[in-house]
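Here is a short report on one protein chain. Look at the sequence and the model first, then read on.

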Amino acid sequence: MFTLAEVASLNDIQPTYRILKPWWDVFMDYLAVVMLMVAIFAGTMQLTKDQVVCLPVLQSTVNSKTQPTTSGKADFTTVETTTGQGEEASVRTISFGSAPTVTPDIPLSRATSSQYQPPESGQELKKEQKDSSGRKTNLDFQQYVFINQMCYHLALPWYSKYFPYLVLIHTIILIVSSNFWFKYPKTCSKIEHFVSILGKCFESPWTTKALSETACEDSEENKQRLTGAQSLSKYVSTSSDEGSPSANTPMITKSGFKFSADKPMIEVPSVTILDKKDGEQAKALFEKVRKFRAHVEDSDLIYKLYVGQTVIKTVKFIFILCYTANFVNTISFEHICNPKVEHLIGYTQFECTHNMAYMLKKLLISYISLICVYGFICLYTLFWLFRIPLKEYSFEKVREESSFSDIPDVKNDFAFLLHMVDQYDQLYSKRFGVFLSEVSENKLREISLNHEWTFEKLRQHVSRNAQDKQELHLFMLSGVPDAVFDLTDLDVLKLELIPEAKIPAKISQMTNLQELHLCHCPAKVEQTAFSFLRDHLRCLHVKFTDVAEIPAWVYLLKNLRELYLIGNLNSENNKMIGLESLRELRHLKILYVKSNLTKIPPNITDVAPHLTKLVILNDGTKLVVLNSLKKMTNVAELELQNCELERIPHAIFSLSNLQELDLKSNSIRTIEEIISFQHLKRLTCLKLWHNKIVNIPSSITHIKNLESLYLSNNKLESLPAAVFSLQKLRCLDVSYNSIALIPAEVGLLQNLQHFHITGNKVDTLPKQLFKCVKLRTLSLGQNCITSIPDKISQLLQLTHLELKGNCLEYLPATLGQCQLLRKSGLVVEDHLFDTLPSKVKEMLNQDTSIPFANGI
């Protein structure tokens, strides 16, 4: 049996959690303890006292009640006989009237084995008749114990036996249900964090001084004191909205915070500043509150768990009440037992008394009363849970009573925890509201940020990018430092992971700014700043997790030329996009979308008449619907990468102005549709690399204006002659396929400047290859080439030659006649380079120290 101390430990909650336990939870805990005591008391009584006591029912007594005698005086006759074989038995025949009944009795001792003589005197007969209803049974003690145990299990109802244990189990379940949200791993950590933060905020000197100042600020004496202290403006702020305390001496500058529950202030504080230590603690608390809010406010698990355990307790109460009320009457003092052990005892029926029936019934009634009270409290809790929206918490009253008008309303688990705290003491949540004040937090953060990021430090972080533009990248700051907007010569500004970024009017000083990057940074802009960006910004990069993070002002930048959107834009979120306003971007030319689209959203094709370049990079999600591409009549460059395309989309054939098509990293196996490209008169660049193409159809000859063809990383085994009929071809890339032979027709490509066939199975180079005298780049690496013909000297414009990874034994000395080739452009093993004559090596090594030697 559990001891009371062991079971009560289940209900042991840390004292700090008391602020999250309303009166009904506390009351239900006490009720659970009382029910636990009832269960333990009833169980202890059952274990320490007798179960039931049973006596046999004499058949003669039963017959005397059921069969009336025929005369006024009954004839009583007893006949006793004995049996042989060493066993003693007696049969007593009792006759009432004319219907004799034979009742077996207990064997008598050997000393009394002689025939029993009936009494002869009338006095003895009357005595026998008088005592016939209380006749002794002469059962052995072991037989009494045996029949008591048997009848306890057979005759006693199950509820009478297991009532204490059921109460114990039910009570433990109710105790666990009441405190489960304090113990559940996914909620206990949040609750512990919340309680610790709440206690620190409640006791923080920042809060105390803020409340003291705002409570007294309405008094004339305090106003005069503040007016007289203007000479000390370095340390004391006299404005509730514009005061800016220094970084080392942060202060609260709000006014009008009053609580009706507080006692009136007697003394007016003469100094409102906080020392450096208190200021640092306040900064840490602001950061903790902000992070906790961001962590907790996005889910409602604690609320659901509390509602769930309350529902479980209510259902448990209804279940207990239903079946317990039904079994109350089964707890009785008297029970009839028919054990069917007549061969052992000699009797068929027994009358039993349950000694604990009276006490158990009283305890059961008490338990029902307790569970009814418990259930009514559960119903009240459910009423409270659903009567008001506990997933929302408004500081409206606090904002009305004070100058803290910027305290945000909270939601979900954060709101629910504050509602629970209000049941304990509303002063906790009011004082906690000071640390939710965005103005206070932002002011504190702004002071610290500007103190750390000075103009000189920011200037050191400015760099030159690949486009030779001045660029500043700010990463994971609490905000945008004011000194950033003093960098008037900045061309590119990158803001990454700055959730509270604000762009003030000072940005209008940055007249050179044309490119802005917002990476997970939903920046807010002032009206003047927006007007400046609308007129001057040309390129905008927005990286986001959810489409809702895209600032609304992005769609109103009418002079924007390039827009890059990187994030989740799937079909479910498309409805949330305000891209209808993209129609206002009338000057937009380039749209880059890196997402997981299943179709091209119609709100993107709405701006199609303005676009000249569209890039869609999927993450492997299959792009199914492409019909809307037909609207994009002015698109000159189209990239559909990693979209799981299996064929070339037919919608592309309608893009009459298309000049460059890139279908990289898809699942294209056949390109028979390429014959339709003959309608694309302006198509000059076709990129089908990183696909599964097996062969090139002869219809490729219809693309007469093609200048660049990229077919690398496919499954090509040969190059058809049709490829070499493209007279305007300047770049051919068939690297990393399974090509074993370079056809002799390659010499027809007189305009070929770049030829890449790296990573194939080529073993010989045709002499016709060196008729392509305009070749500047020749990549032959990772093949099976054994020798380089001397005719390579005809490639006078060659600047890059890759031969590494072949079976070469030496390099031809005629390489020295390639006047533009230098060692930096020769990719070959070192030992092969050493096979060249010294004069050739000197020629290849010359001018290596001069950057950009010989131009391109």
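Is Asn 148 buried or exposed? Asn 148 is buried, with a relative accessible area of 16%. Buried means under 20% relative accessible area, exposed means over 50%, and partly exposed lies in between (1.4 Å probe, protein chains only).

## About the model

This is a predicted model, so local features need pLDDT of at least 70 and side-chain atom pairs count only at pLDDT 80 or more, while totals for chains, interfaces and linings use all residues. Residues are numbered from 1 along each chain as its sequence is written, and side-chain values use heavy atoms, with hydrogens and water left out.

## The chain as a whole

The chain has 23 helices and 26 strands. Helices (H or I, at least four residues) and strands (E, at least two) are DSSP runs, numbered from the N terminus. Of the 856 residues, 47% are buried.

The accessible surface comes to about 42900 Å². Carbon and sulfur atoms hold 53% of that surface. Such areas come from the Shrake-Rupley method with a 1.4 Å probe; for residues, only the protein chains shown count as cover.

## Around Asn 148

Asn 148 sits in helix α5, residues 141-154. Leave aside its neighbours within four places in sequence. Asn 148 is then in contact (heavy atoms within 4.5 Å) with Val 52, Val 53 and Cys 54.

Which residues form a nonpolar patch on the surface? They are Trp 23, Val 26, Phe 27, Tyr 30, Val 373, Tyr 380 and Phe 383. Together they have about 700 Å² of accessible area. Patches take residues with over 30% relative accessible area and no salt bridge; like charges are joined within 9 Å, and nonpolar side chains (Val, Leu, Ile, Met, Phe, Trp, Tyr) within 5 Å.

Helices α2 (23-48) and α13 (357-387) each supply at least two patch residues. The largest share, four residues, comes from α2. Tyr 30 is in α2 and is exposed, at 59% relative accessible area.

UniProt, in an unreviewed entry, places the feature "transmembrane region" at residues 27-47, 162-182 and 364-386. UniProt positions are given in the numbering used here, feature names are shortened, and annotations may be inferred rather than shown by experiment. In the model, residues 27-47 are 100% helix, with end C-alpha atoms 30 Å apart. Residues 364-386 are also 100% helix, and their end C-alpha atoms are 33 Å apart.

## An enclosed strand

Strand β17 covers residues 613-618. Five of its six residues are buried, so β17 is largely enclosed by the rest of the structure.

Strands pair if DSSP finds at least two bridges between them. Strand β16 (residues 590-595) pairs with β17 in the parallel sense over six bridges. There, Lys 594 stands opposite Leu 617. Strand β18 (residues 637-641) also runs parallel to β17, joined by five bridges. Here Val 615 stands opposite Glu 639.

## Salt bridges

A salt bridge is a side-chain nitrogen of Lys or Arg within 4 Å of a carboxyl oxygen of Asp or Glu. The count is 14. One of them joins Lys 457 and Glu 452, at 3.8 Å from N to O.

Another joins Lys 494 and Glu 471, with the closest N and O atoms 3.4 Å apart. Lys 494 lies in strand β10 (residues 492-496) and Glu 471 in strand β9 (residues 470-475), so the pair ties together parts that are 23 residues apart in sequence. Lys 494 is partly exposed at 23% relative accessibility, whereas Glu 471 is buried at 13%.
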